[in-house]
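Reader: I have a model to read. Where do I start, and in what order do I take its features?

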Amino acid sequence: MKTTIVAVTSLFSILSLSAQTHSHSGTQPLSYPDIQGYVTLKTDLHMHSVFSDGSVWPTIRVEEALRENLDAISLTEHLEYQPHKEDIPHPDRNRAYHLAMEEAKEHDLLIIPGSEITRSAPVGHNNAVFIKDANELLHEDAKDAFSTAKKQNAFVFWNHPAWYAQSPAGTPILSDFQKERIKKGELHGIEVINTVDYSEESLALALENNLTIMGTSDIHGLIDWSYTQKGNHRPITLVFAKDKSIEGLKEALFAGRTVAVYNELLVGKAEYLKPLLQASIEIGKAEYIEKTQVLEVELKNISSSDLLFENAMGYTFYDSSPVFEIPAGESKTLKIKTLEKLKTLTIKLVALGAYTAPKVHPTIEWKVIME
Ligand SMILES: [Zn+2]
Ligand SMILES: [Zn+2]
């Protein structure tokens, strides 16, 4: 319900295309490194199909996720907003999940059962994922929907709290409703990135209330049309899990081990964002230019985000601006003027596209040993 609905005219050609290649691998597979002790799961836990106000069949969501190399998705249909109900009656609100499960069973993609509890402000929209039965979440009173979700051990997050249709200033308002849900252990996360919107105020709420930081596509039309063809990746949540499983993902979400990502924007708690950025840059060859004290070091960005850095070392660069970008998958050779020949060096850079709190960038270090 947050985005405009796009008419789908080429569904047929997409289906016949994917029938030819069963791997569903795409041109823009996403890749982010693991961090110490955890596997990095690429997830999108907010999306819609024709079983609420989306424009595609649930199987398309699965194929899109496979094309982008995601690890887990959830079809979170609006429980209370069902504009296609006359054309597609479905008394069982778990139907989209079951259709997605059927499509995903031959692939290494986790399908998480979920629903969007949908109200006007101050309740707003909230996703309950890892639910057991969506039908039971249908209640007149939103409080009952939340308490039922808790009974089902669901992980619940507040969707697009800064959405200007519900909060005209474009900033989130933490009402007594949310305060009570947090206190009762019925609200566990918050979207800081939803579609193309990033809210620093939502990030502040996440940190103040110890809510898990989320980023989602909230896709209603096609990922290709809404994101890829415009040169963007869909927003995702990177989740640092003990293993790739439904239980592993759930444990990590409740523990708050996430980073929300949209293109070059990365938002997360320092304890997870810093090791992610650290692992995203591989240090290649490091040697002095002959007869000089100018050290050449190759930095390779192995993540799918373009990374923007600023020099935070005492040393200056020979031929680069102190602010520079390393595009996704590419390398940059820094020429560092160390003034004397060193045996080791700690490269220190501020990650300008990354936030651990509003207006706060992490500083990342890499130890380099010269050849
Ligand atoms: Zn919504
Ligand atoms: Zn939604």
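Author: Start with the metal site, and with what counts as a donor. Donors are N, O and S atoms within 2.8 Å of the metal, and water is not among the atoms, so sites may look incomplete. Keep in mind that this is a predicted model.

Reader: Which protein donors does the zinc ion (ligand 1) have?

Author: Glu116 (OE), His125 (ND1) and His160 (NE2) are its protein donors, at 2.1 to 2.2 Å. Along the chain, the spacing of the donors of the zinc ion (ligand 1) is E-x8-H-x34-H.

Reader: Which residue bridges the zinc ion (ligand 1) and the zinc ion (ligand 2)?

Author: Glutamate 116 does, and the two ions lie 3.3 Å apart. Glutamate 116 sits in strand E5 (residues 114-118), while histidine 160 is in the loop between strand E7 (155-158) and helix H5 (176-183). These two residues are 44 residues apart, so the pair links distant parts of the chain. Both glutamate 116 and histidine 160 are buried.

Reader: Next, the sheet. In what order do its 7 strands run?

Author: The general idea comes first. Strands of a sheet pair through backbone hydrogen bonds, either parallel or antiparallel. Here the order is E4-E2-E1-E11-E12-E13-E21, in an open sheet with mixed pairing. Strand E4 (110-111) and strand E21 (354-355) are the edges, each pairing on one side only.

Reader: In what sense do strand E2 (residues 72-73) and E4 pair?

Author: Parallel, over 2 bridges. Isoleucine 73 has isoleucine 111 in E4 as its bridge partner. Helix H8 (residues 246-254) lies across E2 and E4, and also across strand E1 (39-44), strand E11 (236-241) and strand E12 (258-262). Helix H8 runs at about 100° to E11.

Reader: Why is helix H2 (residues 58-67) largely enclosed by the rest of the structure?

Author: Count its buried residues. In H2, 9 of the 10 residues are buried, so the helix is largely enclosed. Just after H2, asparagine 69 takes a positive phi of about 65°.

Reader: Which domains does the assignment give?

Author: Domain 1 (26-263) and domain 2 (276-369). Their centres, taken over C-alpha atoms, are 35 Å apart. The contact takes 18 residues from domain 1 and 12 residues from domain 2.

Reader: Where is the pLDDT below 50?

Author: The mean pLDDT is 93, and 93% of the residues reach 70 or more. Residues 3-21 are below 50, and this stretch has 18 contacts in the model beyond near neighbours in sequence. Where pLDDT is low, the predicted coordinates should not be read in detail.

Key
Residues numbered from 1 in each chain as written. Chains lettered and ligands numbered in written order. Predicted model: local features only at pLDDT ≥ 70, side-chain atom pairs only at ≥ 80, totals over all residues. Heavy atoms only, no water. Donors = N, O, S within 2.8 Å, 3.2 Å for Na, K, Ca; no water. Helix = DSSP H or I, 4+ residues; strand = E, 2+ residues; numbered from the N terminus. Buried < 20%, exposed > 50% of the residue type's maximum accessible area, 1.4 Å probe, protein only. Pairing = 2+ DSSP bridges. Contact = heavy atoms within 4.5 Å. Axes fitted to C-alpha atoms, helices over the stretch in contact; angles between N-to-C directions. pLDDT = per-residue confidence, 0-100. Domains from an automatic or database assignment.
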